[in-house]
Amino acid sequence: MITLASDFGSPYPAAMKGVLCARTDARLIDIAHDFPRQDVRAAAFWLREVLAYYPPAIHLAVVDPGVGTDRGAIVVRADDHAIVAPDNGLVRPVARRLADGRDLEAFVVDETALESVEPTGASPVVRSSRDGDDGPATNTFHGRDLFAPAAAAVHKTPIETLETLPFLEPTGAIVDLELPTATIDGEQAIGEVLVVDGFGNVITNVPGSFLESHDRIRANEIDLPVGKTFAAVAVGERLATVGSHGYVELDVNQGRGEEAFELTAGDRVVLERST
Amino acid sequence: MITLASDFGSPYPAAMKGVLCARTDARLIDIAHDFPRQDVRAAAFWLREVLAYYPPAIHLAVVDPGVGTDRGAIVVRADDHAIVAPDNGLVRPVARRLADGRDLEAFVVDETALESVEPTGASPVVRSSRDGDDGPATNTFHGRDLFAPAAAAVHKTPIETLETLPFLEPTGAIVDLELPTATIDGEQAIGEVLVVDGFGNVITNVPGSFLESHDRIRANEIDLPVGKTFAAVAVGERLATVGSHGYVELDVNQGRGEEAFELTAGDRVVLERST
Amino acid sequence: MITLASDFGSPYPAAMKGVLCARTDARLIDIAHDFPRQDVRAAAFWLREVLAYYPPAIHLAVVDPGVGTDRGAIVVRADDHAIVAPDNGLVRPVARRLADGRDLEAFVVDETALESVEPTGASPVVRSSRDGDDGPATNTFHGRDLFAPAAAAVHKTPIETLETLPFLEPTGAIVDLELPTATIDGEQAIGEVLVVDGFGNVITNVPGSFLESHDRIRANEIDLPVGKTFAAVAVGERLATVGSHGYVELDVNQGRGEEAFELTAGDRVVLERST
């Protein structure tokens, strides 16, 4: 199985799938292709939260503002999962989670050692490896020309023998990215908004346990009920919940929390419990 | 085969797919994940219209404004199909259609008897069944924590032996939902808009047969040609057609009917034929 | 394998997939269902660019402003690929590319000879073949009622024996569509915008080779750097690149080119190199 995640929108992911289908018969599962554009941190959050529900698989993830620069391409082995991605921190949080306490192993992709992607029929000027030129065929779509062929090759190799792949070299140094953590001091938690989801729910980085045994909370000076479910308050009313990722969320029942709280990703959130 | 339908947007359905892939090798087919948010009636319409084209399958459908309240979770057996959904009427119309005159059988899901969902790695506070706590791990994402594991278990069981599943109990009483029907009185039909589709076509509940042998019709006092196809009128012009669901639709050729007619779901529609 | 592409949005493609799943166990891959509505030229471009990365497959493509008129339905054999589509030029560019110099063979679909689509359960007035009426069940959704059953039947037939299918008749005349080509005269290229992609990148029809060995270019009188990658300029700055399709693109690093250049599909683009 190969999962695919990106900020590519449509129809670019279909070109990646073509490359994968041409090289493997792996089952393909789309995670999302509408991650906020070039927002590595938001995508890192979603990958960490969603891929933790998958059985061992190859995960192809591309949010890549540095495409075509000298940022590397990497494969990370985390327990029985392999993750193929740009080396920009994107997959570090999910890799740590999937490794679940075991060591991560990272490999750098040598682009020039990958079997190149050759579409059918003439294309105006896409560089062909037949020209003796090395590396991916284009500088702007490595999802198709570099990451997809790498993922296909990884899929065809038993996970415990990745080091035998000629285009992979072990590395001890890949870019790190830590999602911010909240600070809890007595009855106050100082955190921030990690992401706003498609429903408008404001997902903070304050652990849900902060709400335990409390019926009300103050969030950025707004007094709120704590609800187990959205339906704990009337339609259109604000509340705080423990969301499906285990963090405190600021929501509106059947409405949009980010509008009602005027909060967006990265904003500071101060929660206060009354004692 | 398991079909998936929801109003979850992205990337939440991918977490459901992870749970399904971890437990079965069922083929997964997305019906839609962009149903109008928390609009049970609109989703009930689309499920009834779309799933009727599928071979026997497990259908997982979640539009669930009452998530986390005491609304039940159900499995409905309709001929050789099984439908897993919240008990809020959502799947009653499609179940009736798939049963095609045979009896429906409904089961209530005992959440505490389901094998719980355990993501890999630590999550801040998601409740774990290891704590001895029963029921789904979260109160706000039953699609992942309750409906997906139920659908996976149903998929692994022959359809005729669903009653042997330890988490299912037969019930005679599930929530009903009837899509409204139009009233036809001579040359007048009084109905309403069931949904507006993504093209802007206004889908009413007046059977298409009402247009038979008529070249023109009045819809809410607007005189219109009746066309077999959108192209029966010039680009940008209004018309009435028999849509692909068999109902009268109010459309604009290559334009948006809901704007041209100023109609939205639930609005009253009066059609008059001249004799 | 059957690929699916359309401008249907959601949830209509799911009805097509139901018909396909009921008749074949083919692997289904979505190319895109959000092509610009009824824009045959834009979809023709994307199909040509994306399907070239696929192994031999059946490709079902529907962008069909003339649905229900007397425009024909066709199957085109291009090397080991078969394409099922309306006869409106949509698939001519991709068919030429997939044929890669070999002859194309085209067949007209005799709608009355196709096994009709029968959904489960009663539908208000959808025409049934049981009534002795021929042709697709509806006039407005041939994707479901005509193209999907044709694609399923083509999938079940070895590609080299398509002519044995009772509903196919060879034809020498299908509608042509040529994507416009740019004119290069010395240091000037006169072309046009083929499409704007979801990132806002303005994809012209000027071959990327026009930029070779140049560091700067004038595009519609705007002086621009030529970059290998978006990151060659600061965030928010404009540049010209050779895009992933091999054409000159007008882009903004992490921004929207179509807004910065005030250009949309079909607009004239004049590129000038300084010597």
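Predicted model: local features only at pLDDT ≥ 70, side-chain atom pairs only at ≥ 80, totals over all residues.
First, conventions. Residues count from 1 along each chain as its sequence is written, chains are lettered from A and ligands numbered from 1 in the order in which they are written.

Symmetry next. Chain A superposes on chain B by a rotation of 120°, with 0.0 Å of shift along the axis and an RMSD of 0.0 Å. Copies are fitted by least squares on the C-alpha atoms of residues with pLDDT of at least 70 in both. That is the relation of a three-fold axis. Which C-alpha of chain A is nearest the axis? That of A:Arg27, at 5.4 Å. The copies use different surfaces: 3% of the contact residues of chain A recur in chain B. Contact means heavy atoms within 4.5 Å.

Now the sheet in chain B. Seven strands form an open sheet with mixed pairing, in the order E2-E1-E3-E5-E4-E6-E7. Strands (E, at least two residues) and helices (H or I, at least four) are DSSP runs, numbered from the N terminus. Two strands pair if DSSP finds at least two bridges between them. The edges are E2 (28–32) and E7 (168–171) of chain B, each pairing on one side only. From one strand to the next, the twist averages 25°. Take E4 (73–78) and E5 (81–86) of chain B: they pair in the antiparallel sense over six bridges. There, B:Ala73 stands opposite B:Pro86. Helix H4 (142–155) of chain B packs on this sheet, touching E1, E3, E4, E5 and E6. The direction of H4(B) makes about 170° with that of E3(B). Axes are lines fitted to C-alpha atoms, for helices over the stretch in contact, and angles run from 0 to 180 degrees between N-to-C directions.

Over to chain C. Is helix H3 (92–99) mostly covered or mostly open? Covered: seven of its eight residues are buried. Buried means under 20% relative accessible area, exposed over 50%, partly exposed in between, with a 1.4 Å probe and protein chains only. Among the buried ones are C:Val94, C:Ala95 and C:Leu98. Their cover includes helix H2 and strands E3, E4 and E5 of chain C. Just after H3(C), C:Asp100 takes a positive phi of about 50°.

Last, salt bridges. The definition is a side-chain nitrogen of Lys or Arg within 4 Å of a carboxyl oxygen of Asp or Glu.

In chain A, A:Asp176 bridges to A:Arg96 at 3.1 Å. This pair links a loop between E7 and E8 to helix H3 of chain A, 80 residues apart. A:Asp176 is partly exposed at 40%, and A:Arg96 is partly exposed at 31%.

In chain B, B:Glu259 meets B:Arg256 at 4.0 Å. B:Glu259 is exposed, at 54%; B:Arg256 is partly exposed, at 32%.

In chain C, C:Glu105 and C:Arg77 meet at 2.9 Å, N to O. C:Glu105 lies in E6 and C:Arg77 in E4 of chain C, so the pair ties together parts 28 residues apart in sequence. C:Glu105 is partly exposed at 35%, whereas C:Arg77 is buried at 7%.

Key. Heavy atoms only, no water.
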